[in-house]
Amino acid sequence: MPKVDYTAEQIKEIAQNENVRFLRLMFTDVSGMIKNVEVPISQIDKVLDNKMMFDGSSIEGFVRIEESDMYLCPDLTTWMIFPWEAEHGKVARLICDIYNSDGTPFAGDPRGNLKRVLYHMQDLGFTSFELGPEPEFFLFQLDKDENITKNLNDHGGYFDFAPMDLGENCRRDIVLELEKLGFEVEASHHEAAPGQHEIDFKYADAIDACDNIQTFKLVVKTIARKYGLHATFMPKPMDGIAGSGMHCNMSLFKGEKNAFYDENGELELSQTAYQFLAGLIKHARAYTAVCDPTVNSYKRLVPGYEAPVHVAWSGHNRSPLIRVPSSRGMSTRLELRSVDPSANPYLALATLVEAGLDGIQNELVPPEGVDRNIYVMTEEERTKAQIFDLPSTLHNALKELKDDQVVIEALGSHIYENFIEAKQMEWSAFRQTVSEWEREQYLELY
């Protein structure tokens with residue numbers, strides 16, 4: 001989305017001319033959930049003066065009740081008028097950073113934390129980090145009472161079209177709404193599984209890209225509802241079919257130069273690219289807890305459904321964790337294929353940036369690229385090639401996270417402690433739940 005440096009006066013003028021009646025002040029909690037405080041347009045001066053307060057103790061991963069007063073400070077470049085809520089006047093949104101009552105940035109704000117990490121990147125001489133995400137989602141039918149069913153909206157497959165792809169009209173409307181909001185949509189298509197879809201939009205710098213992901217999720221869910229469908233970014237809503245990923249295409253820049261490109265380098269990659277790649281490899285098992293943050297995430301990371309299972313890289317095949325797409329020049333990038341759309345994008349990107357920067361700072365060297373299909377390699381062959389596995393459960397991923405100081409530092413102590421606590425509770429609740437599969441397997445047998 002094109003970035004516009006609006007002034008407060010311009011926003012007030014636009015709001016008046018466009019009959020904006022409500023302001024939605026949006027932010028993201030530690031779990032990645034979009035939160036908002038909606039106020040009438042009469043409060044616009046207070047909002048734009050950074051004087052809008054809210055109770056932070058009611059937000060997961062924020063603060064205790066005795067230190068709950070927090071400020072919502074809007075980023076004016078995120079001003080946007082939603083095109084679909086005009087019955088009682090239009091609704092506009094501003095994405096906010098969270099500040100403490102003493103005016104300091106709140107350490108538990110995922111967006112603010114990513115900004116902190118990007119300052120570290122700039123200290124190392126880089127000017128921007130670009131992200132091109134590829135989020136996938138499923139469409140499920142709603143019943144007559146608008147409850148979510150387990151019925152997928154179609155039986156289409158990869159790149160199918162109507163009548164097999166019954167979500168095509170819904171997906172087309174999503175694209176049109178995104179374009180109205182300024183997204184530059186590069187592709188939209190049916191994915192491999194029934195009811196599964198993907199819409200890719202143009203890369204942007206780290207903060208804008210994460211803002212776009214959160215806005216994208218909101219648009220997808222809103223438009224799907226109008227078609228009697230429920231859109232879900234749950235990584236693996238159905239067994240026996242592929243899950244939803246959010247491949248992350250990443251590039252580092254120094255001014256106008258892509259720091260990953262070197263026309264004279266092996267595969268036309270720079271030393272910086274290989275070092276960043278080595279950092280991603282080194283810290284992969286730890287950042288998986290953040291990039292694949294739910295119990296359900298690990299039902300996707302299994303062999304046979306195109307999702308990566310092994311920590312390796314390749315310039316050619318798609319079975320490893322990291323792929324180097326063929327484009328070069330300004331489009332040179334590394335594609336991390338493990339991330340799923342349940343991840344908090346701000347936290348995921350913070351860990352990925354710091355993992356890569358660790359590789360650059362310590363001049364790490366990645367293992368040799370793997371151009372074979374890893375899934376058909378023996379365990380001995382994988383060991384010889386320095387290929388190891390991703391964590392198989394959230395529990396194992398959290399153990400890896402606890403032992404990796406680089407990834408912990410990427411989150412900061414406040415977010416790390418709250419993230420670990422929330423995820424340990426999630427794992428504990430899962431462990432205590434008896435599934436239908438277990439009853440089918442054991443109830444009669446034993």
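Mentor: What follows is a set of questions and answers about this model, which is predicted.

Trainee: How many disulfides are there, by the rule for cysteine sulfur atoms?

Mentor: A disulfide needs a pair of cysteine sulfur atoms within 2.5 Å. With that rule, the count of disulfides comes to zero.

Trainee: How far from Cys-96 is the nearest cysteine sulfur?

Mentor: Cys-96 is buried, with a relative accessible area of 1%. It takes part in no disulfide, and the nearest cysteine sulfur belongs to Cys-73, at a distance of 7.6 Å.

Trainee: And which residue holds the cysteine sulfur nearest to that of Cys-248?

Mentor: Cys-248 also counts as buried, at 4% relative accessibility, because buried means under 20%. Cys-248 is in no disulfide, and the nearest cysteine sulfur, 6.9 Å away, is that of Cys-291.

Trainee: How many residues apart are Phe-216 and Phe-233, and are they buried or exposed?

Mentor: Phe-216 belongs to helix 5 (residues 206–226), whereas Phe-233 is in the loop between strand 12 (229–232) and strand 13 (246–254), and the pair links distant parts of the chain. Both Phe-216 and Phe-233 are buried, and they are 17 residues apart.

Trainee: Over which ring does the charged end of Lys-254 sit?

Mentor: A charge sits over a ring only if, among other conditions, it is within 6 Å of the ring centre. The charged end of Lys-254 is 5.1 Å from the centre of the ring in question, which is that of Phe-126.

Trainee: What is the phi of Asn-50, and where does this residue lie?

Mentor: Most residues other than glycine have a negative phi. Asn-50 lies in the loop between helix 2 (44–48) and strand 3 (52–55), and it counts as partly exposed at 34% relative accessibility. Although Asn-50 is not a glycine, its phi is positive, at about 60°.

Trainee: Where is Glu-268 found?

Mentor: Glu-268 is a residue other than glycine with a positive phi, near 60°, and it is partly exposed, with a relative accessible area of 33%. Glu-268 is found in the loop between strand 14 (257–258) and helix 6 (271–282).

Trainee: What separates the C-alpha atoms of Ala-355 and Ile-281?

Mentor: Ala-355 lies in helix 9 (residues 345–361) and is buried, with a relative accessible area of 0%. Ala-355 and Ile-281 are 74 residues apart along the chain, and their C-alpha atoms are separated by 8.5 Å.

Trainee: Finally, which residues form the nonpolar patch on the surface?

Mentor: One of the members, Trp-437, lies in helix 13 (residues 436–442), and another, Tyr-442, is partly exposed, with a relative accessible area of 38%. The patch has about 560 Å² of accessible area together, and its residues are Trp-437, Tyr-442, Leu-445 and Tyr-446.

How values were computed:
Residues are numbered from 1 along each chain as its sequence is written. This is a predicted model: local features need pLDDT of at least 70, side-chain atom pairs count only at pLDDT 80 or more; totals for chains, interfaces and linings use all residues. Side-chain values use heavy atoms; hydrogens and water are left out. Patches are made of residues with over 30% relative accessible area and no salt bridge: like charges are joined within 9 Å, nonpolar side chains (Val, Leu, Ile, Met, Phe, Trp, Tyr) within 5 Å. Accessible areas come from the Shrake-Rupley method with a 1.4 Å probe; for residues, only the protein chains shown count as cover. A salt bridge is a side-chain nitrogen of Lys or Arg within 4 Å of a carboxyl oxygen of Asp or Glu. Helices (H or I, at least four residues) and strands (E, at least two) are DSSP runs, numbered from the N terminus. Buried means under 20% relative accessible area, exposed over 50%, partly exposed in between (1.4 Å probe, protein chains only). A charge sits over a ring if NZ of Lys or CZ of Arg is within 6 Å of the ring centre and within 35 degrees of the ring normal.
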